[in-house]
Amino acid sequence: MSVEVERKFLCNADTLKKLEEIGAVCVGQQQIHDQYFDTPEFHLTLRDMWLRKRKGCWELKCPTGKAQSGKQGEAAASLCTRYKEITSLPEIHLRVKEVIKQDRESEAGFSQEDESWLSKLDLVCFAEFTTARRSFTLKEEGVQIDLDQADFGYHVGEIEVLISEGGDEQAALEKIRQTAEKLGLTGDQRVKGKMDVYLKRNHPEHYAKLLSEHIL
Ligand code: V4E
């Protein structure tokens with residue numbers, strides 16, 4: 001299982017030029033269609049768990065344990081997020097079931113095509129959007145930079161480093177800090193992700209609930 005450490009940033013007219021200047025190499029462009037699922041009572045998202053279907057595969061992003069302390073300090077770390085990424089469907093099902101605490105037993109076997117487990121756990125799609133993504137890499141640093149343009153009109157960049165669970169978070173934060181510096185990012189506020197903007201516009205009640213619980 002991997003942990004994604006990332007820092008979002010606001011893109012501007014100079015971002016592409018800057019990426020070129022720092023030697024970032026474009027490694028691809030893609031359209032990503034995401035569908036996010038939760039119960040009507042928001043069992044998952046209120047625990048900062050994000051269940052989505054992307055390119056026909058299920059993914060669950062959930063919080064890692066306590067942040068590792070280190071010399072990066074709280075300020076740098078607070079600009080970044082850290083989430084475990086689970087892609088094994090049986091494990092996703094188990095974790096989701098644990099949280100929703102449904103005692104209804106569901107069948108043991110599933111396939112990517114069989115979506116009956118969703119309705120058994122009362123999961124419905126609450127967000128659906130498509131993102132045009134351009135990805136760049138700073139190969140020597142193991143850093144990926146994505147420039148995302150969501151179809152609801154939000155443009156955001158992210159600097160990300162993947163580590164294994166229990167891997168060196170401080171090193172990841174340092175790589176992100178150095179990349180942000182090279183890109184000339186100056187802001188000291190965490191930048192909103194796509195979901196933040198999407199929910200605020202489309203589901204203000206859900207958004208307000210997540211804000212009040214300090215999830216967003
Ligand atoms: C973790 C999370 C959500 C799930 C989507 O995560 P995000 O990284 O924003 O999406 P995306 O498309 O870039 O995924 P990737 O391709 O990198 O896997 S939705 C909300 N969160 C929580 C969250 C948060 N609290 N603050 C910030 C800045 N981002 C995400």
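Mentor: We begin with a definition: on a 1 Å grid over the protein atoms alone, a pocket is an open set of points where a 1.4 Å probe fits, with protein on both sides within 12 Å along at least five of seven lines, and its lining residues have an atom within 4 Å of a point. Grid points are joined across faces, edges and corners, and a volume is the space filled by probe spheres set on the points. Please keep in mind that this is a predicted model, where local features need pLDDT of at least 70 and side-chain atom pairs count only at pLDDT 80 or more, while totals for chains, interfaces and linings use all residues. Residues are numbered from 1 along each chain as its sequence is written, and side-chain values use heavy atoms, with hydrogens and water left out.

Trainee: OK, what volume does the largest pocket have?

Mentor: Its volume is about 1000 Å³, and the lining is made of 40 residues, with Glu6, Lys8, Lys61, Thr81 and Tyr83 lying nearest the centre.

Trainee: And how does that lining divide into nonpolar, polar and charged?

Mentor: There are 14 nonpolar, 6 polar and 20 charged residues in the lining, where Asp, Glu, Lys and Arg count as charged, Ala, Val, Leu, Ile, Met, Phe, Trp, Tyr, Cys and Pro as nonpolar, and the others, Gly among them, as polar.

Trainee: Where does the ligand sit?

Mentor: The ligand sits in the largest pocket, which is said when more than half of a molecule's atoms lie within 2 Å of the grid points.

Trainee: Which residues come nearest to the ligand?

Mentor: Of the 21 residues around the ligand (a heavy atom within 4 Å), Arg52, Arg54, Arg133, Glu158 and Lys194 come nearest. That shell divides into 6 nonpolar, 1 polar and 14 charged residues.

Trainee: What about polar contacts?

Mentor: A polar contact is a pair of N or O atoms within 3.5 Å. A polar side-chain atom of Arg52 lies 2.7 Å from an oxygen atom of the ligand, while for Lys194 the distance from such an atom to a ligand oxygen is 2.8 Å, and for Glu4 it is 3.3 Å.

Note on methods: A polar contact is a pair of N or O atoms within 3.5 Å; within protein, one must be able to donate a hydrogen and the other to accept it, and residues adjacent in sequence count only if both atoms are side-chain atoms.
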